[in-house]
Amino acid sequence: MRIRRRSAALLAVGLVAFSAAPAQASASSLIAEPTVTSAEYPDDGAWHPGAGIPGSFTFDANGDSAVVGFYYGNADPAGTYVAANHAGGSATVSYTPQTSGPNDLYVASVDGAGNRSPQHVHHFYVKSTEPAIRGPRETGVGLPAEFQFTPGMADVVSYTYRIDDGPETTVAASTGATTTANVVTASKGFHRLYVWSTTGAGLKSGIADRSYTATDAPLVASTDYPDSQGSGGPGISGVFTLTPRTPGVVEYTYYFDEDWSKPTVIPAAADGTASFTFTPAASGWYSVKAYSRTADGTRSEGSRDYYIAVN
């Protein structure tokens, strides 16, 4: 008899605990989802001001007196808090979209206990203000490479750029349509260049980016025997120029047809360049690969194979 009473008591406690759990879990659903409005960036399917241009956004609890504030942000869940002007009231914030194209602003109401409402998603479209970037897909290491920036908004007075997560560099915008910046990449490998512009009023554009690689492998070139183009002929000499892609080059080693047993070493001039003459004995294809060496003994990566097509 005692066992039955104890079992019944335990069952009663379990039922009480089970029935209380849903009330705790669904507390946030009792808070009303906020409404979101913006004069600059309405949720209307049309395109509006632009990346880097701020807009005002108003969050409204629609009279729900439990609401004391709002969480908002461009990530889900929203992480920035702003208090309502009064319980059940509203709040207005300035928010600046950083990217062009479709944008989402996530907003949730919150009560005094920290419970959140269902999240409202304010969807809007942002015009492009990012500058256009033109430049090489491959640069040297430690040497300047020219990149051109073209504005994506009016009254641009400067451009700021950085490589990967490196330091920022600001250059004045040219009076013409295009500004040239001499960008120096410090290390070999894959990199990403980030660029944004600033107007005379201090507005920043969206951020444009362009990927490229950096290498210290020297360049090989010839006007007598252009790469992979049928030229010259047996007994006709051609001059080949080697150009450094890292500072401090003092000499080059080059090979024909990947015959590593027959290296040719030539000194570099004061500007780091060097040249050699090649006279093919027969028609057909020849390949050249070159390496540079700096004064401290550092050898570069090998150049891409340069192909000589002899008529």
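In this protein, the mean positions of the 19 positive and 28 negative charges are 13 Å apart. Lys and Arg count as positive and Asp and Glu as negative, while His and the chain ends are not counted; each charge is placed at NZ of Lys, CZ of Arg, CG of Asp or CD of Glu.

The model is predicted: local features need pLDDT of at least 70, side-chain atom pairs count only at pLDDT 80 or more, and totals for chains, interfaces and linings use all residues. Residues are numbered from 1 along each chain as its sequence is written, and side-chain values use heavy atoms, with hydrogens and water left out.

The protein has one helix and 24 strands. Both are DSSP runs numbered from the N terminus: helices are H or I with at least four residues, strands E with at least two.

Five strands make an open sheet of mixed pairing, in the order 18-24-23-20-21. The edges are strand 18 (230-231) and strand 21 (264-267), each with a single partner strand, so one side of each has no neighbour in the sheet. Two strands pair if DSSP finds at least two bridges between them. Strands 20 and 23 are antiparallel, with seven bridges; Thr253 has Tyr291 of strand 23 as its bridge partner.

| Strand | Residues |
|---|---|
| Strand 20 | residues 249-256 |
| Strand 23 | residues 284-294 |

The C-alpha atoms fill a box of roughly 110 × 70 × 40 Å along the principal axes. Of the 311 residues, 39% count as buried, meaning under 20% relative accessible area (1.4 Å probe, protein chains only).

Terms used:
Buried means under 20% relative accessible area, exposed over 50%, partly exposed in between (1.4 Å probe, protein chains only).
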